[in-house]
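Reader: I would like a close look at a single part of this model, taken slowly and with the values stated.

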Amino acid sequence: MSKITAAITGVGAYVPEYRLTNQILETMVDTNDEWITTRTGIKERRILKEDGKGTSYLAIKAAQDLIDKKGIDPKEIELVIVATATPDMKAASTAAFTATNIGATEAFSFDLEAACSSFLYGISVASSYIESGKYKKVLLIGADKNSSMINYKDRATCIIFGDGAGAVLFEPNHEGLGTQDELLRSNGEGREFLQATYGGSSYPSTPEAVAEGKHYVFQEGRTVFKNAVFNMADVTERILKRNNLTKDDISWLAAHQANKRIIEATANRVELEPEKVMMNIHKYGNTTSATLPLLLHDYESQLKKGDNIIFAAFGGGFTWGSIYFKWAYDS
Ligand code: UT7
């Protein structure tokens with residue numbers, strides 16, 4: 001029997017209606033459209049405004065979009081992974097709530113947290129389950145309600161992040177399509193440069209910490225930027241080399257959408273033409289775990305069977321990596 005590879009066989013997505021534009025941000029903090037556009041490439045982000053709705057709301061919508069498009073019975077799904085840095089609640093799995101609400105009642109489920117690399121790591125985990133032959137339908141969702149941990153008085157972070165979700169279905173493939181190779185890394189020395197200090201187990205929330213905004217995300221942007229550029233470009237270059245791929249073999253770069261300049265630096269390192277670089281940061285900002293599936297959703301109509309895609313991501317922790325992937329269907 002031929003080797004089983006893990007292919008993506010469907011994509012779904014959801015972003016909230018509300019658009020937080022650069023013009024609106026100009027009225028909230030000391031910033032301007034020109035600065036945000038030239039420094040990040042972002043024009044607007046989507047924000048989930050309704051009280052009581054968390055990351056699972058976004059995840060469920062994205063998964064339902066995929067289920068409707070593919071016309072599958074959710075009871076066939078065996079595993080639901082929710083890649084997220086903003087789970088609904090502590091001590092309760094966001095994935096379990098999501099799986100039940102989409103009707104995946106025969107599945108087991110778990111959350112996967114690796115900051116902005118959550119979905120990238122999720123590709124590795126979902127692929128391993130499929131390649132092992134153990135499961136035949138694994139749903140990987142990347143979802144984040146970043147607005148739940150952003151201080152809208154801090155111009156260093158509030159201009160960057162948005163809310164959104166994307167979902168992909170992994171199934172076995174016998175033509176060698178899907179996940180080919182991965183290079184995943186982490187370095188805990190990066191933690192001090194990007195974190196929400198209070199509200200976790202090290203420093204549980206206190207009224208004083210909340211009053212001082214210490215439960216919000218803080219980042220030392222320049223340090224994160226430098227590390228993102230160096231590491232994302234490095235693993236991308238290395239995964240190409242060790243698979244004997246030149247830039248002409250690459251159909252698409254699907255890189256985490258944190259800053260247009262970081263994505264362009266990664267593309268430049270491997271001399272990839274701009275038209276091969278997936279980009280939607282202008283519409284959604286940095287949606288953390290949702291950036292990669294939102295790219296697949298927005299570019300799905302242009303993808304062809306056999307296309308070589310390089311996924312790349314970098315995020316808090318630090319966590320980062322690159323995955324070489326062959327697309328499995330024509331839209
Ligand atoms: O998803 C993974 C995690 N996150 C990232 O990958 C993000 C990585 N970092 C970045 O994308 C960039 O560092 C930022 C977009 C956050 C900041 O851009 P930068 O080019 O690194 O700016 P900077 O922090 O070096 O600041 C440059 C100047 C400063 O003014 P002075 O000191 O030169 O007078 C800042 O105070 O820009 C100022 N500034 C702003 N001005 C207008 C910082 N934020 C803003 C703002 N609007 N929002």
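Reader: How much area do domain 1 and domain 2 bury between them, and what share of it is on carbon and sulfur atoms?

Author: In this predicted model, the domain assignment of the chain gives domain 1 (5-176) and domain 2 (179-326), and the C-alpha centres of domain 1 and domain 2 lie 14 Å apart. To the contact, domain 1 brings 56 residues and domain 2 brings 46 residues. Between them the two domains bury about 3800 Å², with 60% of it on carbon and sulfur atoms. Of the area that domain 1 buries against domain 2, Cys116, Leu120 and Tyr121 supply 17%, which is more than any other three residues.

Turning to individual atoms, an N or O atom in the side chain of Asn259 is 2.7 Å from an oxygen atom of the ligand, while a backbone N or O atom of Gly221 lies 3.1 Å from an oxygen atom of the ligand. The side chain of Gln219 has an N or O atom 3.4 Å from a nitrogen atom of the ligand. Of the 950 Å² of accessible area that the ligand has on its own, the protein covers 76%.

Definitions and conventions. Residues numbered from 1 in each chain as written. Predicted model: local features only at pLDDT ≥ 70, side-chain atom pairs only at ≥ 80, totals over all residues. Heavy atoms only, no water. Polar contact = N/O pair within 3.5 Å; in protein donor to acceptor, adjacent residues only side chain to side chain. Areas by Shrake-Rupley, 256 points an atom, 1.4 Å probe, with all protein chains shown as cover. Domains from an automatic or database assignment. Contact = heavy atoms within 4.5 Å. Buried area = accessible area lost by both parts, 1.4 Å probe.
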